[in-house]
Amino acid sequence: MAVSSLRALAQIITDSIDVIEGRLTNASETFPSLDEPFDPSTSVESILVEPEMSRATSLIIAAAAQLTAAVRRPFQTIMDDALSFHLSWCVRAAIDGSLVEIVREAGPQGIHVNDIAAMNNTDPQKIARILRLLTNNHIFREVSPDVFASNRLSSVLDTGKPAKEVVSQSLAERHAGTPSIAAFAAMMSDEGMKCGAIMPEHFLDPQSSFSGEPNGTPFNRAYKTDLSLFDWYKKEENEAYLRRFGLAMFGSRKLEPANSILSGFQWQDLPKGSTVVDVGGGVGSLSLIIAEAVPNLNFVIQDSQLTISHAEEFWKEKMPSALDSGRVKLQVHDFFTPQPVKGASVFLLRSILHDWSDPYVKKILNSLKESATPETKLVVVDAIVPYSCPAAVTEGIPGAALDPVPSPLLPSLGKANSYAYQADMSMWAYFNGQNRTLGHSVSLSEECGWEVVHVHHVPGSFFGQIVCVPT
Ligand SMILES: C[S@@+](CC[C@H](N)C(=O)[O-])C[C@H]1O[C@@H](n2cnc3c(N)ncnc32)[C@H](O)[C@@H]1O
């Protein structure tokens, strides 16, 4: 890479900062400081997630990471990557050790590690080492030797509860009634990291390498169990992990704008009285967003017995009239069995296919095809894993191509899209599932009688929408 390429990356960063500065100046806002807590309710934060701002931010992240990879000694970069698991466990130590709350309560002047240790009964030297590694990654600040204060990144892990309260709470209790982003991070750096540590063995062993079974996963190997992750969670002794998982899934929603399901597929263009079947819909929180925005659509929310009983409570609280009028129906249904709703306008599958390997996905898609009419649409909402190179498959499908990126950035936007690849690995680790590339989704759909006719990439969201029609 010539120096001109380094300059091109630097220019991308400068140009993108100009875009951000121009918008904030117009709005009489200033860019939030890394030293201050994150407050999602401020107007500047809502400006920073606008599509143009999201794009500028992504370009800065991608260019800065590529510049770093280009200029750093390769051995240092590789060792940094190989040792990055220490960052993962330190994040969880900060959460489970209540460091986040103890440090936050001390205010901007910070707190000495001896005083932290007196509150959470851990070794002060080790606290300092954990916090210093995090500080070096811009999580917390060391304001004077061994004295630490909160910042923008550490505040995102904050339960907001008094430190004295969380110190004595279990790994799940501490997240109840909170935004639960910390629950999500803790779960990923606990179950997730333990599975990740053993994935090379799972991959290299021919006995497990080819498995697509939900009980032949890295999780099974790491936890020495034949139970699937969800059956393991159901064991009495794992109740706290199950509760934390539920909270983590709630927290994970913060990764995308709240109403992103309304950007992309045009729900309001469906004929009046159309039925949307939310397959594996959980309690129906996604359908609720659509139901509120488009009053003339009907919904059937399908899931397991237990989840449907929770869905009943959910809808009674959020939109009781929809249950009373029959506009929303709740249905116990196993999506590996024939689909009972015939002639639906839309089958909606959000965060479903990524839980399963290809043979299982085919069962789900085949059963939906059997119940579809020529007018039925299938809307699959999942992270679409970007290729790291130009790909012909994206050229023939409206909306499929990602926005072109300036040279010499990776078309996948590198670090700015890292979550898509990490989520894919998480699906492998837990379920033998996967987040798929568009080409993979297109061929799987075709094998099951569905043609991909449109793709929506929603700005600021890690999820894409793949719209299919029956062939
Ligand atoms: C990751 S959640 C997604 C929930 C919902 N679609 C959403 O995006 O909020 C996966 C859902 O699939 C449901 N599920 C798993 N296996 C199922 C099956 N065989 N039949 C129906 N639902 C199932 C789970 O109960 C869970 O609600």
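This report walks through the fold of a predicted model, from overall size down to a few local backbone details.

## Ground rules and overall size

Since the model is predicted, local features need pLDDT of at least 70 and side-chain atom pairs count only at pLDDT 80 or more, while totals for chains, interfaces and linings use all residues. Residue numbers start from 1 along each chain as its sequence is written.

The protein has 22 helices and ten strands (DSSP runs numbered from the N terminus; helices are H or I with at least four residues, strands are E with at least two). Its C-alpha trace spans about 70 × 60 × 55 Å along the principal axes. A compact globule of 471 residues would have a radius of gyration near 23 Å, and the protein's 23 Å agrees with that (taken over C-alpha atoms; the globule rule is 2.2 Å times the number of residues to the power 0.38).

Residues 82–157 are 62% helix and 12% strand, with the end C-alpha atoms 24 Å apart. For residues 215–387 the figures are 39% helix and 16% strand, and the end C-alpha atoms are 29 Å apart.

Three strands make an open sheet in the order E1-E3-E2, with antiparallel pairing (two strands pair if DSSP finds at least two bridges between them). Strand E1 (111–112) and E2 are the edge strands, each pairing on one side only.

E2 (residues 141–144) and E3 (residues 147–149) run antiparallel and are joined by three bridges. Across that pairing, Arg 141 stands opposite Ala 149 and Glu 142 stands opposite Phe 148. The two strands form a hairpin with two residues between them, and Asp 146 in the turn has a positive phi of about 70°.

## The seven-stranded sheet

Here the order is E6-E5-E4-E7-E8-E10-E9, again an open sheet, with mixed pairing. Strand E6 (328–332) and strand E9 (450–457) each have a single partner strand, so one side of each has no neighbour in the sheet. From one strand to the next, the twist averages 20° (axes are lines fitted to C-alpha atoms, for helices over the stretch in contact, and angles run from 0 to 180 degrees between N-to-C directions).

Strands E4 (residues 275–279) and E7 (residues 346–350) run parallel, held by three bridges. Asp 278 has Leu 348 in E7 as its bridge partner. As for helices, H18 (residues 305–318) lies across strand E5 (298–303) and E6, running at about 160° to E6. Helix H22 (residues 438–447) packs on the sheet too, touching E9 and strand E10 (464–470), and its direction makes about 150° with that of E9 (contact puts C-beta atoms, placed from the backbone, within 7 Å).

## Around the ligand

There are 15 residues around the ligand, and Gly 280, Gly 282, Phe 335, Arg 350 and Ser 351 come nearest (a residue is near if its C-beta atom, placed from the backbone, lies within 6 Å). The shell divides into four nonpolar, eight polar and three charged residues (Ala, Val, Leu, Ile, Met, Phe, Trp, Tyr, Cys and Pro count as nonpolar, Asp, Glu, Lys and Arg as charged, and the others, Gly among them, as polar).

Most residues other than glycine have a negative phi, and most peptide bonds are trans. Ser 98 has a positive phi near 60°, in the loop between helix H5 (85–96) and helix H6 (99–106). A cis peptide bond joins Ser 407 and Pro 408, with omega about 10°; Pro 408 is in the loop between strand E8 (377–382) and helix H21 (418–431).

Terms used:
Two residues are in contact if their C-beta atoms, placed from the backbone, lie within 7 Å.
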